[in-house]
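Please look through the sequence and the model below, and then follow the points grouped under each topic.

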Amino acid sequence: MVAAQSSDGGGWRGRSRRRSRPAACASPATSRDRSEHMPRVGVIGGGQLARMMVPEALELGIDLHVLAESDDSPASISATAVGDYRDEAMVLAFARTVDVVTFDHEHVPQGVLRALEAEGIAVRPGPDALLYAQDKILMRRRLQELGLPVPDWATVANADELAAFLADHGGVGVVKTSRGGYDGKGVRVVRSAGEVDDWFAAAADGDGPELLVEELVNFRRELAQLVARRPSGDIAAWPVVETVQKDGVCAEVIAPARGASGRIAEVAERIAVAVAEGLGVTGVLAVELFETDDDRILINELAMRPHNSGHWTQNGSVTSQFEQHVRAVLDLPLGATAPVAEWSVMVNVLGGPTDGSALVDHYPAMLAQHPAAKMHAYGKTPRPGRKLGHVNVVGDDLDEVVYAARAAAAFFTTL
């Protein structure tokens, strides 16, 4: 038997389910022998989020395995298997080598997730929760059932239905694909129904997802509230943060959000806790929010995993979102979420150098001029708009912290 966590969050217990380790997922014998008594966390997806879980798991003495998409994935350093997360047999073989499965992204098909559960594998967050992160229509519907604030929205199957919605909402709306959109993809601001004719055609042919349309929200700023929830129900929340978007991609995060010490902070936390409990989320949950011009707080998107808006916690919080996620999926007591300084600012490194140089080539100059800046690189090759890493700076003077974070990140973009 190996030590394993009960599926109801009641602590660790012996589990006699046999764990055959296929050759494709085999670890070196020395690693297997050393970690036989340790809980094993399996992460499906080898992106930067999985990469940033690795050092946190190592510090806790947790054995973290990764099912990566390719040999050059950011988290390949901990990859014990390389394969397609949509391949049920591949995912099952990987999952049999660990005690609990979690995720770098929300795209694992429901059929694969259900197969894991049917075999008695702890899946956190589970398929019943991930369903709402995978499908925006189901998510909007469920949030409304829970009485949580969302933009006015509707499903649309054709141009006439979209035109009717636009007519009722000032002639403009935001059309989204129900599945697959991320970092601005699958989202269009439209002023006429014909602007998404290609999406309607794809949906009608069965080659595309359903469409929904939402009111175009007039907002002062975008916020994000992160919480973490254990299977046994305990929840910990970080301060609400302010996010700045560029071309549909998060560019900067200011923690805590400026002027959000009162009602806004309370409402944001209450919303995120209600989502976590109402959807049965385990692990880290990010709730992206709009603070509207008419003083509403509305839910924009959900992410059931560590999130870009929480990267500041690596250097700015007592417990980072990555350590907290590992704790939460193992049902370990959650860490303190207090900030270590008055302000933390994260700036993404997008695109990278355009002169053929590598990020590391710019370290000497950046580190010399900004010794307080913390660089977190993802091991990716430069590409326009691609997230290659981020810079964190913490301190007690917001203007100084913002300047240092932006200036440090600018070293990695050459014109």
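**Aromatic pairs, charges over rings, and an open sheet**

Phe-290 is buried, since its relative accessible area is 10%, and it should be kept in mind throughout that the model is predicted. The points below begin with the ring pairs, of which the count comes to 2.

**Aromatic pairs**

- The rings of Phe-219 and Phe-290 have centres 4.8 Å apart and planes at 20°, so this pair is stacked.
- Because Phe-219 belongs to strand S12 (residues 219-229) and Phe-290 to strand S16 (residues 283-292), the pair ties together parts that are 71 residues apart in sequence.
- Phe-219 has a relative accessibility of 35% and therefore counts as partly exposed.
- Tyr-363 and Phe-412 make an edge-to-face pair, with 5.9 Å from centre to centre and 85° between the planes.
- Tyr-363 lies in helix H12 (residues 363-369) and Phe-412 in the segment after helix H13 (398-410), so parts 49 residues apart in sequence are tied together by this pair.
- Tyr-363, at 23% relative accessibility, counts as partly exposed, whereas Phe-412 is buried, with a relative accessible area of 0%.

**Charges over rings**

- Arg-86 lies over the face of Tyr-85, at 5.7 Å from the ring centre, and Arg-188 lies over the face of Trp-199, at 4.1 Å from the ring centre.

**The open sheet**

- An open sheet is formed by 5 strands with parallel pairing, in the order S5-S4-S3-S6-S7.
- Strand S5 (79-82) and strand S7 (122-123) stand at the edges with a single partner strand each, so one side of each has no neighbour in the sheet.
- Strand S3 (residues 40-44) pairs with strand S4 (residues 63-68) in the parallel sense over 5 bridges, and Val-41 stands opposite Leu-64 in S4.

Notes: Residues numbered from 1 in each chain as written. Predicted model: local features only at pLDDT ≥ 70, side-chain atom pairs only at ≥ 80, totals over all residues. Heavy atoms only, no water. Pairing = 2+ DSSP bridges. Helix = DSSP H or I, 4+ residues; strand = E, 2+ residues; numbered from the N terminus. Phe/Tyr/Trp six-rings, centres within 6.5 Å; stacked < 30°, edge-to-face > 60°. Buried < 20%, exposed > 50% of the residue type's maximum accessible area, 1.4 Å probe, protein only. Lys NZ or Arg CZ within 6 Å of the ring centre and 35° of its normal.
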